Amino acid sequence: MDIRAVCSVLLLPVQILYYTVKASLRFFLPSSRRDLSGNIVLITGGGRGIGRHLAKEFAKCGAKKLILWGRTEKCLKETCEEIALMGTECHYFVCDVANREEVYKQAKVVREKVGDVTILVNNAAVVHGKTLMDSDDDALSKSQHINIMGQFWTTKAFLPRMLELQSGHVVCVNSILSLSPIPGTIDYCTSKASSLAFMESLTLGLLDCPGVGCTTVLPFHTNTEMFQGMRVRFPRLFPPLKPEMVAQRTVDAVRTNTAFIYLPWTMRVLVILKSILPQRALVEIHKFSGTYTCMHTFKGRT
């Protein structure tokens with residue numbers, strides 16, 4: 001073993017301790033925040049739910065232009081008009097992110113008509129809320145194509161230009177279910193776990209790329225129409241998150257270049273418990289919290 005290797009081994013614990021302390025201090029000390037003026041933000045699934053609130057929050061924080069993608073023109077148009085009233089230039093395009101050719105085609109149109117996207121927010125997602133045996137094959141395929149493959153296509157479409165400009169940010173609105181799945185959402189949990197792996201790999205791959213970063217948001221159950229009807233056993237103990245709060249924390253994470261955020265922060269405890277407790281103990285936690293049956297009243301988006 002040469003001297004460099006020995007030094008690297010000795011330096012590793014010091015580096016781990018340094019970055020751990022640095023990360024801990026961020027909870028107590030104010031962080032510098034990135035100026036969003038001059039940025040062009042594209043949000044998939046931007047017509048409603050968390051996507052709509054993200055558009056409003058980026059507009060409040062001074063984004064130069066906003067671009068909304070989605071499959072329902074009525075929702076896209078309504079959100080676009082709201083953003084325009086806030087004084088921010090906003091455009092919308094009907095685009096199904098599951099369709100690779102459509103994504104690449106619309107990405108070209110965006111570059112020509114609006115400009116270079118510097119913040120990409122992969123927010124589009126669907127959930128069918130059924131067990132594996134009750135799920136339609138086409139519905140299973142659809143959820144995987146929208147929830148995970150769509151991220152491949154949008155990121156491939158816009159990341160190269162960010163790397164050229166040495167300025168950009170890729171955001172993924174994921175879910176805590178990617179780390180702690182529940183029954184009745186096997187399509188959603190599987191796709192979100194794949195999405196998390198995608199973002200973890202992408203985040204590591206971009207560490208040496210100046211000016212380009214990633215943020216992955218892992219929220220608990222959020223009060224949107226997509227999960228309409230979902231019920232937990234103790235709603236006062238585990239209240240659903242407000243989409244406005246999720247949007248605010250997401251934009252703030254982009255401005256502080258935070259790679260991963262858990263909403264609420266107590267979800268970190270759940271992840272730690274899952275890594276150390278035996279399976280039977282985890283089963284009892286699920287039974288106590290009601291996650292075994294929370295999808296029985298699921299209605300979903302109408």
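Me: In which hand does helix 5 pass helix 6?
Reply: In this predicted model, helix 5 and helix 6 (residues 186-205) pack with their axes 8 Å apart. Residues that make the contact include Leu 140, Ile 148 and Phe 152 of helix 5 and Tyr 188, Phe 198 and Met 199 of helix 6. The crossing in which helix 5 passes helix 6 is right-handed.

Me: Is helix 5 roughly parallel or roughly antiparallel to helix 6?
Reply: The angle at which helix 5 and helix 6 pack is about 20°. Angles under 35 degrees count as roughly parallel, so the description that applies to helix 5 against helix 6 is roughly parallel.

Me: Which word describes how helix 2 lies to helix 7?
Reply: Helix 2 (residues 49-60) and helix 7 (residues 243-255) pack at an angle of about 50°, and their axes are 8 Å apart. Angles under 35 degrees count as roughly parallel and those of 65 to 115 as roughly perpendicular. The angle therefore makes helix 2, in its relation to helix 7, oblique.

Me: In which hand does helix 2 pass helix 7?
Reply: Helix 2 and helix 7 pack with their axes 8 Å apart. Among the residues that make this contact are Ile 50, Leu 54 and Phe 58 of helix 2, together with Val 246, Val 251 and Val 254 of helix 7. The crossing of helix 2 past helix 7 is right-handed.

Me: How many residues apart in sequence are the parts tied together by Asp 116 and Arg 161?
Reply: The side chains of Asp 116 and Arg 161 meet in a salt bridge, with 3.1 Å from N to O. Asp 116 lies in the loop between helix 4 (100-113) and strand 4 (119-122), whereas Arg 161 belongs to helix 5 (residues 137-165), so the pair ties together parts whose separation in sequence is 45 residues.

Me: Is Asp 116 buried or partly exposed?
Reply: A residue counts as buried under 20% relative accessible area and as exposed over 50%. The relative accessibility of Asp 116 is 25%, so Asp 116 counts as partly exposed.

Me: What separates Arg 161 and Glu 164 along helix 5?
Reply: Arg 161 also forms a salt bridge with Glu 164, in which the closest N and O atoms are 2.7 Å apart. Of this pair, Arg 161 is partly exposed at 31% relative accessibility, while Glu 164 is exposed, with a relative accessible area of 57%. Because the two residues are three apart in helix 5, what separates Arg 161 and Glu 164 is about one helical turn.

Me: How many salt bridges does the count come to?
Reply: Side chains of opposite charge can pair when their charged atoms come close. With a nitrogen of Lys or Arg required within 4 Å of a carboxyl oxygen of Asp or Glu, the count of salt bridges comes to eight.

Note on methods:
Residues numbered from 1 in each chain as written. Predicted model: local features only at pLDDT ≥ 70, side-chain atom pairs only at ≥ 80, totals over all residues. Heavy atoms only, no water. Helix = DSSP H or I, 4+ residues; strand = E, 2+ residues; numbered from the N terminus. Buried < 20%, exposed > 50% of the residue type's maximum accessible area, 1.4 Å probe, protein only. Axes fitted to C-alpha atoms, helices over the stretch in contact; angles between N-to-C directions. Parallel < 35°, antiparallel > 145°, perpendicular 65-115°, else oblique. Left-handed = near helix turned anticlockwise from the far one by under 90°. Contact = heavy atoms within 4.5 Å.
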